[in-house]
Amino acid sequence: AQKKPAQLLLELAIRRRASAAPTLQLVASSATVSSEVRRRLGLLLGGKGKRTAGSVVTAMPLHPPSKSLKQRGIGSVQMPGTISHVAYYGSQQAKLVMMRTALEEAATERPLIVVPNGQSIGKLVDSLHRNGFKNAIALHEALGVPTASDKERSPRVESVQSALLRGRQELSTVYQAEGDSLARLPLLVTTEHAARGVDLKRIDCVILMGLPRRVDAYVHVAGRTAREGRKGLAVSLVFSPEEKERLMEFKQELGIKVEVVDLSFLRA
């Protein structure tokens with residue numbers, strides 16, 4: 001199995017440590033610290049299991065969900081049971097028509113568009129602009145994250161961390177909009193990986209432009225909606241027989257109901 005970046009980084013740090021160096025201390029932050037994660041950390045640190053990984057300090061959410069709210073997921077990766085799941089079957093060539101259909105049928109006010117890892121956000125945003133979605137914008141642009149070219153033009157440009165904090169606060173304020181202000185909301189577009197850090201409380205619909213390869217990735221992305229006990233909708237655009245089969249596996253493993261809509265008759 002291919003090693004993850006965090007594992008490679010930790011192994012490199014261990015190899016480069018002097019033999020007389022003090023005990024290695026590792027601080028790891030995660031929204032989903034499971035017993036398996038602790039076990040792997042312990043093994044990497046040269047121990048026999050999760051006890052070697054030391055203490056795990058957890059913090060409760062600022063607005064925890066009701067204890068009666070059913071959670072669905074795998075292990076420590078959970079999503080609210082208040083999410084409805086819909087899958088639209090169709091062709092890759094008609095994906096924008098499928099997305100428009102999904103948005104219209106869902107009557108969503110605050111959607112989030114998520115593309116599979118490895119696909120170009122910029123190309124999709126440009127395509128959305130050409131097809132009438134003038135408010136479409138990449139999440140990193142909406143957050144105001146400085147690019148390399150920004151830093152070349154101005155050495156005083158703020159750090160990525162500062163930009164993220166400021167941008168997230170501004171977006172959170174924007175997403176509190178009501179009434180006529182809803183028309184000015186951006187249509188955010190991001191990747192599966194980047195979507196994990198999205199915590200905009202009032203996103204009411206997530207549209208996946210292709211099904212994730214792993215069930216935990218699906219849980220993470222679908223869980224961007226229905227925050228703090230609200231209801232939400234997760235819409236998957238499914239383009240191949242392999243994705244159809246994988247969706248049925250997700251459905252069975254998570255114990256969820258998935259409404260299926262056949263849009264194979266649509267053309268670009």
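Mentor: A charge patch joins like charges within 9 Å, using residues with over 30% relative accessible area and no salt bridge. Lys and Arg count as positive, Asp and Glu as negative, while His and the chain ends are left out. A charge is placed at NZ of Lys, CZ of Arg, CG of Asp or CD of Glu. Areas come from the Shrake-Rupley method with a 1.4 Å probe, with only the protein chains shown as cover.

Trainee: Which residues gather in a patch of negative charge here?

Mentor: Glu242, Glu245, Glu249 and Glu253 do, on the surface. The model is predicted, so local features need pLDDT of at least 70 and side-chain atom pairs pLDDT 80 or more, whereas totals for chains, interfaces and linings use all residues. Residues are numbered from 1 along each chain as its sequence is written, and side-chain values use heavy atoms, without hydrogens or water.

Trainee: Where is glutamate 245 placed, and is it buried or exposed?

Mentor: Glutamate 245 is in helix 10, residues 241–254. Helices (H or I, at least four residues) and strands (E, at least two) are DSSP runs numbered from the N terminus. Buried means under 20% relative accessible area, exposed over 50%, and partly exposed in between. Glutamate 245 has 53%, so it counts as exposed.

Trainee: How many residues of helix 9 are buried?

Mentor: Eight of the eight residues in helix 9 (215–222) are buried. Among them are Val215, Tyr218 and His220.

Trainee: How should I read the side chains of a strand, and which way do those of strand 4 point?

Mentor: In a regular strand, side chains alternate between the two faces of the sheet. In strand 4 (residues 111–115), Pro111, Ile113 and Val115 point one way, and Leu112 and Val114 the other way. Five of the five residues in strand 4 are buried.

Trainee: Which strands pair with strand 4?

Mentor: Two strands pair if DSSP finds at least two bridges between them. Strand 4 runs parallel to strand 7 (205–208), with four bridges, and leucine 112 stands opposite valine 206. Strand 6 (187–191) is also parallel to strand 4 and joined by four bridges; there threonine 190 is the bridge partner of valine 114.

Trainee: What are the bridge counts for strand 3?

Mentor: Strand 3 (83–89) has seven bridges to strand 8 (232–238), in parallel, and five to strand 9 (258–262), also in parallel. Tyrosine 88 has leucine 237 as its partner in strand 8 and stands opposite valine 261 in strand 9. Six of the seven residues in strand 3 are buried.

Trainee: How many salt bridges does a search of the whole structure find?

Mentor: Side chains of opposite charge can pair when their charged atoms come close. A salt bridge needs a side-chain nitrogen of Lys or Arg within 4 Å of a carboxyl oxygen of Asp or Glu. The search finds five. In one of them, aspartate 216 meets arginine 214, with the closest N and O atoms 2.6 Å apart. Aspartate 216 is buried at 13% relative accessibility, whereas arginine 214 is partly exposed at 44%.

Trainee: Which residues are joined into one network?

Mentor: Asp199, Lys201 and Arg227 are, through salt bridges that share partners. Aspartate 199 meets lysine 201 at 2.9 Å, N to O, and arginine 227 forms a salt bridge with aspartate 199, also with 2.9 Å between the closest N and O atoms. Arginine 227 lies in the loop between helix 9 and strand 8, and aspartate 199 in the loop between helix 8 (192–195) and strand 7, so this pair ties together parts 28 residues apart in sequence. Aspartate 199 is partly exposed at 28%, and lysine 201 is partly exposed at 25%.

How values were computed: Patch = residues over 30% accessible without salt bridge, like charges linked within 9 Å, V, L, I, M, F, W, Y side chains within 5 Å. Buried < 20%, exposed > 50% of the residue type's maximum accessible area, 1.4 Å probe, protein only.
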